[in-house]
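Hello,

Here is the structure I said I would pass on. My notes on it follow below.

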Amino acid sequence: MASASLLRFTPYPPTSQTLKKPYFPSPLTPLRFNNNPFTSLINTPNPSKTRKPISASYTAVPATERLISAVAYCLPFFNGLQYGRYLFVQYPNLGSLFQPIFPLLNLYRSVPYASFVAFFGLYLGVVRNPSLSRFVRFNSMQAVVLDVLLVLPLLIQRVFNPSKGLGFKLMMMGYNFIFVFIVVCFLYSVGFSILGKTPYLPFVADAADRQL
């Protein structure tokens, strides 16, 4: 009865809209934004977070490039065999291992200025040739740098010219070390070049890379 009396004295009669219950959206109902400029920012994916499939590719080195790279290391190897003279005298069996290449070495030395021709031909014709790949140019530049380093011991020998005593023994030890180092570098570089992999010689690779 009290509610009926209150409705009776209301200045505006109740309608169907006022009697309806207020609408509260369900928490499971997704909210929709109509004509909201921020919806494009919410729905647009971030390009930095999109992941693309990674595909690994391997390009084999052609056989001609492997051959050129392997032959390039013959220049410092032939010029470095002279440092093994004392080892060949002390160990005659060691000379038999290198005897198969002695005819080729004699032919190389029989050509006048063969070392200079091979050096500048390798540097100007291969290293400075932009049409060749970096694989060939890098290996050729390593061979050139290694050949240049072989000249330094000869210059030191001509300055001091030790003939006996402690100086001569130090010179023999230095020659033996250089010979072993050259042979190891030659085998390592030729083996990697044939396999199509880039050999990196200590101290020589950095100098070769700066020249390219």
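**Helix packing and confidence**

Helix H9 (residues 114-127) crosses H10 in a left-handed manner (left-handed: the near helix is turned anticlockwise from the far one by less than a right angle). Helices here are DSSP runs of H or I, at least four residues, numbered from the N terminus. The residues in contact (heavy atoms within 4.5 Å) are Phe119, Leu122, Tyr123, Val126 and Val127 on H9, and Val136, Arg137, Ser140, Met141, Ala143, Val144, Asp147 and Val148 on H10. Of these, 10 are nonpolar, one is polar and two are charged (nonpolar: Ala, Val, Leu, Ile, Met, Phe, Trp, Tyr, Cys and Pro; charged: Asp, Glu, Lys and Arg; polar: the others, Gly among them).

This is a predicted model, where local features need pLDDT of at least 70 and side-chain atom pairs count only at pLDDT 80 or more, while totals for chains, interfaces and linings use all residues. Residues are numbered from 1 along each chain as its sequence is written, and side-chain values use heavy atoms, with hydrogens and water left out.

The protein's average pLDDT (the predictor's confidence in each residue, from 0 to 100) is 78, and 72% of the residues score at least 70.

Finally, glycine 196 follows H12 and has a positive phi, near 85 degrees.

Regards

Definitions and conventions:
Helices (H or I, at least four residues) and strands (E, at least two) are DSSP runs, numbered from the N terminus. Axes are lines fitted to C-alpha atoms, for helices over the stretch in contact, and angles run from 0 to 180 degrees between N-to-C directions.
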